[in-house]
Amino acid sequence: ASRKLLLLPGDGIGPEAMAEVRKLIAAMNERLGAGFETEEGLVGGCAYDAHGQAISEEDMAKAMAADAVLFGAVGGPKWDAVPYEARPEAGLLRLRKDMELFANLRPAICYPALAQSSSLKPEVVEGLDILIIRELTGGVYFGEPKTITDLGNGQKRAIDTQVYDTFEIERIAGVAFELARTRRNKVCSMEKRNVMKSGVLWNEVVTATHKAKYPDVELSHMLADAGGMQLVRWPKQFDVIVTDNLFGDMLSDVAAMLTGSLGMLPSASLGAPDAKTGARKALYEPVHGSAPDIAGKGIANPIAMIASFAMCLRYSFGLVAEADRLEKAIAAVLDDGLRTRDILSDGMTEVGTGAMGDAIVEK
Ligand code: NAI
Ligand code: MG
C-alpha cells in the first residue's frame, strides 16, 4: 500500500513543529524502511503571500490525492487585514470541507511525568487516556436557517438551527465503535435528548447502529451536561466519547485541560472510507495555533505535532505498534526530565524545539 503524506506546515510555529516530524519520517524511512513519500504545500498566510489564496488549487489537489495530510498551524497578525475569503483559517476550512472530514478525534492523554502539573489532582488524571470524537460537519454550526433579524421594536432575533440526519449520526457512531474496538471497547454517547429533538434522534440512531453492527462494544448514554461534570470529576471512567459538533467543541476543550499544555495536544479529522479501497481521507494537526508570540525563537513544543503524526501512523496506515512506540518515546523523554518552556517545572531540563524532537527520534 502507498504511504503518501502531504505536509502543510503553515505559519508561525507550524513549520518549526513540522521540522521535527520530518526528522521522524526520515528516521522511519532510513532505519525501518517505512516507505513514506512526502510532498510539501503551502497553507494559511504563507499561501496568501505566495498566490493570494489560503490554499492553492494545486495544493488542494495534492491533499485530495494524499493518503494523509499533516497540518501545522495557520495565521498571525501579519494577515489580520487580508480579505475574508483569503484569511488563513479559510485554508483549513476548505480542506475540511472538500475532504469531508466529519469525524474529529481529540485524545486526552495524561503523560505520567506531567500528572503533577495538571490543573486537577494527580490521582484524577494520572494514566488518563480517553478519546473524544466530535461530529465536525453538521449540527448547529451549519444548520439553516442561521439568521439575525430586526424585529422592529428595538429587538433583534438570532436563530441557529441544529440539524442532524440519520446518515450523519450513523457514520460518526460507526467511527466511535470501530475505534473503541482498538482500545478498551467502551463508547459513551452524549446528547441532550431530554430537551432536544436532535438528541432524541442521536440517541436512537447510536443505539440502533450499536445493535446492528457493534453489539460487542459496551455502549452507554449520558446527557451532555452531566458528561461535562463527569469528565472533570472522574475522567478515567471513559474510553471513547462520541458527541455532536457543539457539545464536542466544548467537551474536548474541557478534556484538553485535564492534560496540561496546549503544546501537548494532537488531533485527527477523518472522512468516510472510500467505497473501493476502504481508505479514509484524513488530516492530522496539533490543537494549538501558530503562536506568533514565540514563533522563530526555537522554543515551541513539538509534541502536539509529533503526537498528531502518531495518530496518523495509527489511523491512516494501521501502524499501531509504531504509533505505540512513538507515544512511549514521548513519555520516556518526559520521564527523563526534558521540557520545552511551556511545560517547564522545577528541577527539569529546559530544551528547545529541535532538541526535544531529536530526543524523541533517538528514543
Ligand atoms: P495559539 O494556540 O497559537 O497560542 C496560545 C498560547 O499558547 C500562546 O501563548 C502560545 O505561545 C502558546 N502555545 C501554543 N502552542 C504552543 C506550543 N506548541 N509550544 C509552546 N507554546 C505554545 O492561539 P492564539 O494565540 O489564540 O492564536 C494565534 C494564531 O493562531 C491566530 O492567528 C489564530 O487565528 C491562529 N490559530 C490557528 C489554529 C490552527 O491553525 N488550527 C488554531 C488556533 C489558532
Ligand atoms: Mg474549541
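Trainee: Does Glu100 count as buried, exposed or partly exposed?

Mentor: This is a predicted model, and the class rests on a neighbour count. A residue needs 20 or more other C-beta atoms within 10 Å to be buried, and 12 or fewer to be exposed. Glu100 has 16 C-beta neighbours inside 10 Å, so the class is partly exposed.

Trainee: Where is Glu100 found, and what is its phi?

Mentor: Glu100 is found in the loop between α4 and β4 (103–109). Glu100 is not a glycine, although its phi is positive. The value is about 50°.

Trainee: Which elements do the buried residues of α4 pack against?

Mentor: Helix α4 covers residues 88–98. Its buried residues include Pro88, Gly91 and Leu95. The elements they pack against are α2 (45–51), α3 (57–65), β3 (68–73) and β12 (280–286).

Trainee: Is Ala291 buried or exposed?

Mentor: Ala291 is found in the loop between β12 and α10. Ala291 is not a glycine, yet its phi is positive, about 45°. With 23 C-beta neighbours inside 10 Å, Ala291 counts as buried.

Trainee: Which residues is Ile133 in contact with, leaving aside its neighbours within four places in sequence?

Mentor: Ile133 is among the residues with the most contacts inside the largest nonpolar core. Its contacts, with sequence neighbours within four places left aside, are Ala103, Leu105, Ile172, Val175, Ala176, Val240, Ile241 and Val242.

Trainee: Which residue is the bridge partner of Val187 in β10?

Mentor: Five of the six residues of strand β8 (residues 186–191) are buried. Six bridges join β8 to the parallel strand β9 (residues 218–223), where Val187 stands opposite Leu219. Four bridges join β8 to β10 (residues 240–243), also running parallel. In β10, the bridge partner of Val187 is Val240.

Trainee: What is the handedness of the unit made by β8, α7 and β9?

Mentor: The helix of this unit, α7, spans residues 197–213. β8 and β9 run parallel. The β-α-β unit of β8, α7 and β9 is right-handed.

Trainee: Why does Thr209 count as buried?

Mentor: Thr209 lies in helix α7. Not counting residues up to four places away in sequence, Thr209 touches Glu170, Ala173, Gly174 and Tyr214. The cut-off for buried is 20 or more other C-beta atoms within 10 Å. Thr209 is buried because the number of other C-beta atoms within 10 Å is 21.

Trainee: Which peptide bond is cis, with omega near 0°?

Mentor: Look at the loop between β5 (129–135) and β6 (147–150), where Pro145 has its place. The cis bond, with omega near 0°, runs from Glu144 to Pro145.

Trainee: How many charged residues does the shell around ligand 1 have?

Mentor: Ligand 1 is surrounded by 20 residues, with Gly75, Gly263, His288, Gly289 and Asn301 the closest. By class, 10 of the shell residues are nonpolar and seven are polar. The number of charged residues is three.

Definitions and conventions:
Residues are numbered from 1 along each chain as its sequence is written. Chains are lettered from A and ligands numbered from 1 in the order in which they are written. This is a predicted model: local features need pLDDT of at least 70, side-chain atom pairs count only at pLDDT 80 or more; totals for chains, interfaces and linings use all residues. A residue is near a molecule or strand if its C-beta atom, placed from the backbone, lies within 6 Å of it. Ala, Val, Leu, Ile, Met, Phe, Trp, Tyr, Cys and Pro count as nonpolar, Asp, Glu, Lys and Arg as charged, and the others, Gly among them, as polar. A nonpolar core is a set of buried Ala, Val, Leu, Ile, Met, Phe, Trp, Tyr and Cys residues joined through C-beta atoms within 7 Å. Two residues are in contact if their C-beta atoms, placed from the backbone, lie within 7 Å. Helices (H or I, at least four residues) and strands (E, at least two) are DSSP runs, numbered from the N terminus. Two strands pair if DSSP finds at least two bridges between them. A crossover is right-handed if, with the strands pointing away from the viewer, the path from the first strand over the helix to the second runs clockwise.
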